[in-house]
Amino acid sequence: THWKHGGIVGVFGYGGGIVGRYSDVPDQFPGVEHFHTVRVAQPSGMYYSTENLRALMDLWEKYGSGVTNIHGSTGDMIFLGTRTENLEPLFWDLTHNLGQDLGGSGSNLRTPSCCLGVSRCEWSCYDTQEVCHSLTMHYQDEIHRPAFPYKFKFKFSGCPNDCVAAIARSDFAVIGTWKDKIRIDQAAVKKYIDNDPAYPSCGGAHKGRDWGKFDIRKEVLNLCPTRCMWMEGDELKIDDAECNRCMHCINVMPRALRPGVE
């Protein structure tokens with residue numbers, strides 16, 4: 001096949017959202033003579049109801065191949081494979097009946113995406129969904145009508161764990177952090193050091209394997225990239241001025257350490 005992000009085929013009024021694909025040998029492969037990709041904009045945080053997902057799948061069964069990719073690295077829901085004559089009816093049903101829109105494709109602003117943020121994650125330092133939704137609404141023209149020399153991506157992560165890979169996959173990454181000190185629960189620190197079974201390291205993510213006893217020096221202090229942590233007797237100390245907010249210590253001891261409040 002040959003294909004292109006916009007320009008070959010699309011829907012009225014939009015320059016993006018459809019990736020045109022045609023077979024160079026349609027006589028040999030008539031089933032994929034046209035096999036256009038449709039990008040459907042995802043909701044902030046990628047929250048879907050079962051009802052909405054069923055409606056989207058029914059729509060794609062009606063107008064396309066039924067093959068999907070949830071989600072592409074851009075974030076959009078990807079519908080793989082439909083014919084040119086199906087694009088306008090699909091677009092009408094998507095926007096009028098489901099209240100959803102096409103995402104970005106081509107040399108434009110791609111659909112902004114974000115992590116779950118404060119809706120589900122206790123580490124989030126700002127409301128990623130609010131920022132993502134606000135900028136998506138503000139830049140509608142830039143998303144749907146390509147005018148750039150190359151694509152451009154916004155991604156929003158609520159903390160330095162960067163669960164949407166904003167740093168790796170976007171041109172404008174917004175990473176939440178905090179200004180004040182890491183909050184320390186010294187009693188919980190002691191529980192981790194004492195290998196209390198109710199306080200597994202990394203939230204119990206690796207408890208199915210025998211890693212030996214938890215060693216705060218090997219697993220936290222010596223792995224701090226700025227060496228800003230140390231023990232004074234039974235107390236954990238942090239030089240917050242030297243902390244680069246990497247989240248490693250918080251991820252390893254989530255019941256003992258938390259991001260600051262500011």
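I started at S113, whose bridge partner in β7 is K155. Before going on, I noted that this is a predicted model, where local features need pLDDT of at least 70, side-chain atom pairs count only at pLDDT 80 or more, and totals for chains, interfaces and linings use all residues. Numbering runs from 1 along each chain as its sequence is written, and side-chain values use heavy atoms, with hydrogens and water left out.

Next I looked up the sheet. It is open, has 3 strands in the order β6-β7-β8, and its pairing is parallel. The edge strands, β6 (113-114) and β8 (172-175), each pair on one side only. I found 2 bridges joining β6 to β7; pairing takes at least two DSSP bridges between strands. Strands here are DSSP runs of E, at least two residues, and helices are runs of H or I, at least four, numbered from the N terminus.

Then the loops. D162 sits between β7 (154-157) and α5 (166-169) and has a positive phi of about 50° although it is not a glycine. I have D162 down as buried, at 14% relative accessible area (buried is under 20%, exposed over 50%, partly exposed in between, with a 1.4 Å probe and protein chains only). R227 lies in the loop between α7 (216-219) and β10 (229-232). R227 also shows a positive phi of about 50° without being a glycine, but R227 counts as exposed at 54%.

Last, P89. I found P89 in helix α2 (residues 87-97), partly exposed at 32%. From P89 to F214 I noted 125 residues in sequence and 59 Å in space, C-alpha to C-alpha.
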